[in-house]
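Could you walk me through this structure, starting with what holds its parts together?

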Amino acid sequence: MSDYMEELIKNTDLSKNKPMRDVVYESLKEIIIEGKIPLGERIVEKEFADRLNISRTPVREALRKLEMDDLVEYIPRTGVVVKKIGKEDVIEIYKIRKVLEILAYKSAAENITKDKVKKIQDLLDETERQDQAGNVETVFAMFREFNNHIYDMSKMYRLKNMIDDLNQYLKRFRRISIGGEERRTQAIQEHRMLLDTLIKKDLTKMEQIIEKHLDSSLEIVVDYFDNL
């Protein structure tokens, strides 16, 4: 059995009310993005189907979709293998995300309310307390919650889905980007500044802070790749 198979089986919830190909696709995509299947590892269609007691068809369809996502590739006489998410991929994703984030914030500025401001301020206060307590995973989750408030206020739901999809690819690297205490503190401060620009509808300053915020995260991730 492949080393990753137990993780894959555990991560595949067959009880979900979705087509089997989508369940298999989402499970494979998550563990590939998180680096739990090594670069070049062969994904054995039959082995996976047999362990889940399902037909090979949904597995085959999921692998085709992953190939379209550029996460796996078919190699003649070898089969389907995992492709690496490299530095250039991450740089490209950050560039795209920067444009989408700016669009989301500009739209959110048109829909901000006093109630929403209070919720976000309370969230940032709690994020700071959790950071001071050293609860890094909680801080990471609260950063996601902060972003979701912005995306909801933007009322651009297709945009939110696009950013969520990009963030799946960055999930592992975003943890690296906030691993240091100094960077987490800086990120919380940047979030407070962004909220202030939303309240004041200062779009120019907002764009500058978003660019600085994402560039700082990218710099840490690039440094990680350079030191591999």
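This is a predicted model: local features need pLDDT of at least 70, side-chain atom pairs count only at pLDDT 80 or more; totals for chains, interfaces and linings use all residues.

Residues are numbered from 1 along each chain as its sequence is written, and side-chain values use heavy atoms, with hydrogens and water left out.

Reader: How many salt bridges does the structure hold?
Author: Happy to start there. A salt bridge is a side-chain nitrogen of Lys or Arg within 4 Å of a carboxyl oxygen of Asp or Glu. By that rule, the structure holds 19.

Reader: Which residue forms a salt bridge with Arg 56?
Author: The closest N and O atoms of this pair are 3.1 Å apart. Arg 56 lies in helix α4 (residues 56–68) and its partner in helix α3 (residues 45–52), so the pair ties together parts that are 11 residues apart in sequence; helices here are DSSP runs of H or I with at least four residues, numbered from the N terminus. The partner is Glu 45.

Reader: Is Glu 45 buried or exposed?
Author: Buried means under 20% relative accessible area, exposed over 50%, and partly exposed in between (1.4 Å probe, protein chains only). Glu 45 has a relative accessible area of 16%, so Glu 45 is buried.

Reader: Which residue meets Lys 87 in a salt bridge?
Author: The two side chains come to 2.8 Å, N to O. Lys 87 lies in helix α5 and the partner in helix α10, so the pair ties together parts that are 139 residues apart in sequence. That partner is Asp 226.

Key: Helices (H or I, at least four residues) and strands (E, at least two) are DSSP runs, numbered from the N terminus.
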